Amino acid sequence: MTAPPLLQLRDLSVDFSTDMGIVHAVDRVSFDIGTDEIVALVGESGSGKSVIAQAIMGLLGVGGAGRNARTSGQLRFRGRDGAAIDLLTLDAEERRRLRGRDIGMVFQEPMTALNPVLTVGEQIAELLRVHAGLTRAQAAAEAVARLAEVGIAAPAERAKSYPHQMSGGMRQRVLIAIAMACQPLLLIADEPTTALDVTVQAQILELMRTLKRRTRMSVLFITHDFGIVAELADRVVVLYAGRMVEEGSATDIFASPRHPYTEGLLGAVPRLDLASDTIGAVAILPGTAPDPLAFPAGCRFHPRCTHARPGLCDGKAPAMTALAGARRFACHVRASA
Amino acid sequence: MSAQPLIAAEAVTKEFPLQGSMLPWRAHRFTAVENVSIAIAPGEVLGLVGESASGKSTLGRILLGLIQPSAGTVRFRGTDLRAIGGGERRAMRRALQIIFQDPYASLDPRLTIGAIVREGLDIHGIGAPGARDVKVAHLLGRVGLDAGFARRYPHELSGGQRQRVGIARALAVEPTFIVGDEPVSALDVSIRGQILALLAELRRSMGLSMLLISHDIGAISQLSDRIAVLYAGRMIEIGSRSQVLRTPRHPYTRALLAAIPVPDPSRRRAPPPALTDGASASPDRAGCVFAPRCPHVRPACTGSVPPLTVLESGHGTACLLQDELPPAA
């Protein structure tokens with residue numbers, strides 16, 4: 001990539017202090033999101049993937065569980081003027097300006113993320129007034145145009161609808177319209193299709209592909225579903241228990257996963273597209289995700305890893321091994337293989 | 001199937017009155033399940049697939065006798081569930097068990113795991129009271145949990161462990177038929193395989209029949225001998241696993257399969273045919289309920305309800321155009 005990255009995460013760590021101790025939810029995570037690139041952040045529950053999204057959005061440290069969050073590292077974001085700013089050191093005012101304008105976010109649950117007492121048109125218009133400085137009438141007209149852009153039929157009528165009058169797929173389209181309202185440089189999508197039926201999911205993924213092609217925005221797509229990753233992502237970052245275990249192009253990761261966890265996750269995806277004797281057959285990853293209050297020493301995956309070597313994997317945390325093609329993985333065994 | 005089915009629904013329909021109607025005698029009704037017939041043989045696993053509000057959970061609960069159908073009959077070993085009374089009813093309840101989707105919401109947070117699993121033993125008077133704790137320990141072992149879990153509480157367990165408890169609870173009363181309502185949907189990908197393998201092993205060793213309900217055809221296909229597809233309360237396709245997955249005949253089944261992301265970036269496909277956004281809450285039931293979204297729709301489709309026609313191979317489809325459609329991609 002010739003253009004400098006839009007966002008560089010450098011040694012991002014997030015700790016939560018809880019009544020029961022400190023949770024190192026994100027541990028020294030570093031990766032880039034390029035311009036016009038879709039990066040998939042893949043992990044299971046407790047992997048830290050949503051915490052990373054919240055850190056980028058500046059949603060940690062503003063209340064709830066985030067109240068007790070301690071963040072370190074750097075989040076270098078290149079704004080519209082080309083100057084790099086660190087999202088972690090922004091003051092509240094600058095952050096508010098950035099959020100919604102330069103960085104948009106789509107959440108998993110399209111019902112709870114929308115305001116139930118405002119029409120969807122009003123919710124999009126509000127953003128356009130605040131960030132783009134449109135008048136009330138301009139914003140209302142523009143909101144209808146934005147609904148049309150995300151594929152909502154009869155947008156002028158639909159703008160007057162309340163969220164509860166819409167289907168899940170339509171609500172998710174509205175959320176995407178809101179996130180896209182100010183043509184953000186970066187769209188963060190946190191499992192945006194998990195709550196949707198699979199035929200609707202396919203439509204939403206197609207919409208995201210179309211919007212990305214049209215606007216050349218960057219997308220950080222958070223998911224646990226490698227099927228979606230294959231459909232959408234240019235590059236893949238795999239997280240396990242708060243640490244990066246592997247990074248690479250989607251093609252490389254699927255063709256030759258290096259980390260045993262990535263391998264296991266890929267094997268756990270049922271394949272309905274293959275020969276009939278393997279219909280839906282999945283490999284089994286043993287064990288359970290570790291307790292975040294007591295992550296295992298060394299490689300955090302080693303208690304579940306069939307390749308783990310005593311004295312090696314339970315000692316030091318594995319460093320990233322870099323390969324050609326911007327591939328990296330963190331595994332003692334595979335690094336020495 | 002020549003043998004008597006273990007459990008069978010015969011033309012069952014379930015309507016729910018909709019709230020907010022001003023005229024109760026003219027109340028609007030929501031048809032959750034319409035005229036569905038399905039039979040599950042002893043030892044068979046049937047996968048039941050459909051999107052939200054397709055009626056799959058309602059059908060599962062009708063089969064268990066937890067919901068009374070508005071019309072139609074459910075037979076357990078040939079006997080109408082409604083005709084079963086007294087002690088036989090209790091035995092029937094033992095035989096029919098359910099595993100829920102959400103392992104967080106379906107376990108009483110104030111009870112220990114041991115008490116949760118033991119409850120069914122106490123209610124049905126299985127084994128001597130003094131021997132029940134031994135049986136609980138055995139059941140926990142059966143689902144891959146150490147006996148020490150009996151003293152712990154649900155909040156101390158991971159999602160996968162809780163789902164194992166839910167399975168142990170269902171097994172405690174020695175059922176012959178289990179409905180798994182989205183049994184792996186709330187679990188992490190790496191845990192799903194473990195739970196599916198456990199269900200497969202239990203089925204093999206205990207000869208259990210199962211109805212596995214899911215919105216995700218991939219999640220349950222591995223275990224299913226046959227797969228039935230529901231759409232807006234109607235069964236629109238049923239067949240063996242390979243019939244439904246390899247040669248789907250109904251346009252909805254085809255769209256459903258085409259919409260599943262393929263985990264292989266080198267096979268990134270053209271977008272699936274555009275279906276209009278989501279199912280209508282109250283489709284016109286005078287015709288095919290899928291017609292408003294169907295890419296092959298013709299005027300005839302809205303006039304009459306397409307019957308489920310079953311081929312000699314046992315592959316059934318409810319579509320007027322099934323013989324004219326191009327072969328599945």
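Trainee: In which sense do β7(A) and strand β8 (residues 218–223) of chain A pair, and over how many bridges?

Mentor: β7(A) and β8(A) pair in the parallel sense, over five bridges. The model is predicted: local features need pLDDT of at least 70 and side-chain atom pairs count only at pLDDT 80 or more, while totals for chains, interfaces and linings use all residues. Residues are numbered from 1 along each chain as its sequence is written, and chains are lettered from A and ligands numbered from 1 in the order in which they are written. Strands (E, at least two residues) and helices (H or I, at least four) are DSSP runs, numbered from the N terminus; two strands pair if DSSP finds at least two bridges between them.

In β8(A), Ser218(A) is the bridge partner of Leu186(A). From β7(A) the chain reaches β8(A) through helix α7 (residues 198–215) of chain A, in a right-handed β-α-β crossover: with the strands pointing away from the viewer, the path from the first strand over the helix to the second runs clockwise.

β7(A) also runs parallel to strand β6 (residues 103–106) of chain A, joined to it by four bridges. Here Ile188(A) is the bridge partner of Met105(A).

Now the surroundings. Five of the five residues of β7(A), residues 186–190, are buried, so the strand is largely enclosed by the rest of the structure. Buried means that 20 or more other C-beta atoms, placed from the backbone, lie within 10 Å of the residue's own. In a regular strand, side chains alternate between the two faces of the sheet. In β7(A), both faces are covered: Leu186(A), Ile188(A) and Asp190(A) are buried on one side, Leu187(A) and Ala189(A) on the other.

How values were computed. A residue is buried if 20 or more other C-beta atoms lie within 10 Å of its own, exposed if 12 or fewer, and partly exposed in between; C-beta atoms are placed from the backbone.
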